[in-house]
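Subject: Structure for you to look at

Hello,

Here is the structure I said I would pass on. My notes on its charged side chains follow below.

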Amino acid sequence: MSLYNYIHDGQAIYKKSFAAIRSEADLSIFDKDQSRIVVRIIHACGRTEITKDILFHHDFVHCAETALQAGKPIFCDAEMVAHGITKRRLPANNTIICTLNHPQTPSLASDLKNTRSAAAIHLWGDALEGSVVVVGNAPTTLFHLINLLEVKKIPAPAAIIGMPVGFVGAAESKDALVEWNKIPYLIVKGRQGGSAMAVAAVNAIAQKQEL
């Protein structure tokens, strides 16, 4: 006997949550595929009003979905992002890569005089070409990635999810990605963001079926 009356079924909880989000959030500015992603992001953060801060490049959904369906890898800036992605939803058993804790990363960071999150990009190699990059934590990753793509001409990903969070550089790094505008992106404006929202976006892109 339970002291509380609550829904026990996980699928029923998801279904009721998504119905509530669609009822309460203004999704009118998004198309059908974008709305599916936005619903997942709202589910991750609990804020229906965040819709005004979510910005899609017009070709983001197509490019990200195509990359995943083609079996391209997913590069993540943080272990929390990498571990949050639901592998069974991925369409081609895509490889999820996070090199933050690679043995070479600390020395790379020291040489570059940058964070480990930024330095970890240098271990991504040619597999970056046509991949999906997910930044859910470190603004330095996003700044450094744009710099390497523009200056060093490293292999280009198909799409970038830019959702670093925090008070130093988060908003500016996302603004830089939008202003650069050379690779399709999805961002959440301002200081807000984080691994949970970035992961929610990946999980929505990976499979059109909502539940």
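How many salt bridges does a search of the whole structure find? The search finds seven. Please keep in mind that this is a predicted model.

I start with Lys-208. This residue forms a salt bridge with Asp-33, and the closest N and O atoms are 3.2 Å apart. The pair links distant parts of the chain: Asp-33 is in helix α2 (residues 32–45), Lys-208 is in the segment after α9 (195–206), and 175 residues separate them. Lys-208 is partly exposed, at 47% relative accessible area, and Asp-33 is also partly exposed, at 27%.

Lys-208 forms a salt bridge with Glu-65 as well, where the closest N and O atoms are 3.3 Å apart. Glu-65 belongs to helix α3 (residues 60–69) and Lys-208 to the segment after α9, so this pair ties together parts that are 143 residues apart in sequence. Glu-65 has a relative accessibility of 10% and therefore counts as buried, the cut-off being under 20%.

Another salt bridge joins the side chains of Glu-150 and Lys-182, at 2.8 Å from N to O. Here too distant parts of the chain are linked: Glu-150 is in helix α7 (residues 139–152), and Lys-182 is in the loop between α8 (170–180) and β6 (185–188), 32 residues apart. Glu-150 is partly exposed, with a relative accessible area of 28%, whereas Lys-182 counts as exposed at 53%.

Finally, salt bridges with shared partners join Lys-208, Asp-33, Glu-65 and Arg-36 into one network.

Regards

Terms used: Residues numbered from 1 in each chain as written. Predicted model: local features only at pLDDT ≥ 70, side-chain atom pairs only at ≥ 80, totals over all residues. Heavy atoms only, no water. Salt bridge = Lys/Arg side-chain N within 4 Å of Asp/Glu carboxyl O. Helix = DSSP H or I, 4+ residues; strand = E, 2+ residues; numbered from the N terminus. Buried < 20%, exposed > 50% of the residue type's maximum accessible area, 1.4 Å probe, protein only.
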